[in-house]
Amino acid sequence: MPNPASPSGPDHEWEALLRRLRQQPPAQPQPFFYARVQARLAARPYPRGWGLPAWARRPAYAALLGTLILLVSGDAAALRPTEAPDSYRSYQPGSPTSRPAR
Amino acid sequence: MAPSLALPLVFEPLPPAAASSTGGADAELVAQLQQGSEAAFRTLVERYQQRVYSTAFSLLRAAEEAEDVAQEVFVEVYQTVATFRGETALSTWLYRLATSRALQHRRRATAKKRFAYLTSLLGLHNQVLHHPPDHAHPLALLEGEQQLRLLHSHIGRLPSQQQVAFTLRHEQELSYEEIAAVLDTTVAAVESLLFRARQTLRRHLHPSLRHA
């Protein structure tokens, strides 16, 4: 049975393993890394979702916002179907379109 | 033509935990970057590319993916440096970007792999799933290398926060304070993360260590 206090115990081996991990040569990018970063920047000059909050980049939320703006601004009238002139609701007493007097 | 630096960006202010470690040289570099200096950006990339790349590589264990993440980090720095207020060290910000982007990359890759596996089970695609080739023969590897490979494999299975803390401590050799700043947490929390990570790794590696 290994003795944890001895230099050859699991503690010592664990420490040695961590030391080996630390002593590994650091990973290096391939040469001309800066040129590749520049190329990437040139391909995408603006950050994703530039100028927009995260929620506005979801189409469903954007559509909902558009509808709300339309409703609030009153332009939604354009979305309502026009009523036929002979319908009941189109008759307004006293209006020029009311029935002619006999 | 290089894109302008003056871009509106979303960047969360970092905690002042690591502000004390901000070097004068980095502060000067950030100031030049915020003025749109192309030379300053080149200096930044050359100064930090190794640290950013090796951090990403430690978390991903794939050169191509680490390269992709490292490039993405510098692009993000270029595009968001206008909002960097210097409340933390530049290196802390870079480590934070590198670790979060690497973990994000890995989550996406795992999801993609699971989806591919699922579609292969359902027979939606007749493609063969490719796993990274492992050319290493156990007998061909030295004992120490075998143990390191085993250690890397178990580090990769740790929960994300533990993995980042362990990697920053034992591979990047950051102090507990620096790790706390990167993870936006306390030193006590970092100690706890490292303790749990070491315990888990030792438990998994115990038979291998005993028979080494």
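Trainee: Let's start with α6(B): which residues of this helix are buried?
Mentor: Heads-up: this is a predicted model, where local features need pLDDT of at least 70, side-chain atom pairs count only at pLDDT 80 or more, and totals for chains, interfaces and linings use all residues. Residues are numbered from 1 along each chain as its sequence is written, while chains are lettered from A and ligands numbered from 1 in the order in which they are written. A residue is buried if 20 or more other C-beta atoms, placed from the backbone, lie within 10 Å of its own, exposed if 12 or fewer do, and partly exposed in between. In α6(B), the buried ones are B:Gln162, B:Gln163, B:Val164, B:Ala165, B:Phe166, B:Thr167, B:Leu168, B:Arg169 and B:His170.

Trainee: How many of the residues of helix α6 of chain B are buried?
Mentor: Helices here are DSSP runs (H or I, at least four residues; strands are E, at least two), numbered from the N terminus. α6 covers residues 160-170 of chain B, and it is largely enclosed by the rest of the structure because its buried count is 9 of the 11 residues.

Trainee: At what angle do α6(B) and α7(B) pack?
Mentor: Axes are lines fitted to C-alpha atoms, for helices over the stretch in contact, and angles run from 0 to 180 degrees between N-to-C directions. α7 spans residues 176-183, and its axis is 10 Å from that of α6(B). The angle is about 140°.

Trainee: Which residues of α7(B) does α6(B) meet?
Mentor: Contact requires C-beta atoms, placed from the backbone, within 7 Å of each other. From α6(B) come B:Gln161, B:Val164, B:Ala165, B:Leu168 and B:Arg169. Their partners in α7(B) are B:Ile179, B:Val182 and B:Leu183.

Trainee: Is B:Glu173 buried or exposed?
Mentor: B:Glu173 sits in the loop between α6 and α7 of chain B. Its phi is positive, about 55°, although it is not a glycine. Most residues other than glycine have a negative phi. With 9 C-beta neighbours inside 10 Å, B:Glu173 counts as exposed.

Trainee: And where does B:Asp184 lie?
Mentor: B:Asp184 is another non-glycine residue with a positive phi, about 55°. It has 14 C-beta neighbours inside 10 Å, so it counts as partly exposed. Its place is the loop between α7 and α8 (187-210) of chain B.

Trainee: Which residues have the most contacts inside the largest nonpolar core?
Mentor: A nonpolar core is a set of buried Ala, Val, Leu, Ile, Met, Phe, Trp, Tyr and Cys residues joined through C-beta atoms within 7 Å. The largest one has 49 residues, and α2(B) gives the most, with 10 residues.

Trainee: Which residues is B:Ala56 in contact with?
Mentor: B:Ala56 is among the α2(B) residues that meet α4(B). Set aside its neighbours within four places in sequence, and the list is B:Ala66, B:Val69, B:Ala70, B:Ala98 and B:Ala102.

Trainee: How do the axes of α2(B) and α4(B) cross?
Mentor: α2 covers residues 38-60 and α4 covers residues 90-122, both in chain B. Their axes come within 9 Å. The crossing angle is roughly 30°.

Trainee: How many helices does chain B have?
Mentor: Chain B has 0 strands, and buried residues make up 34% of its 212 residues. Its helix count is 8.

Methods. Contact = placed C-beta atoms within 7 Å.
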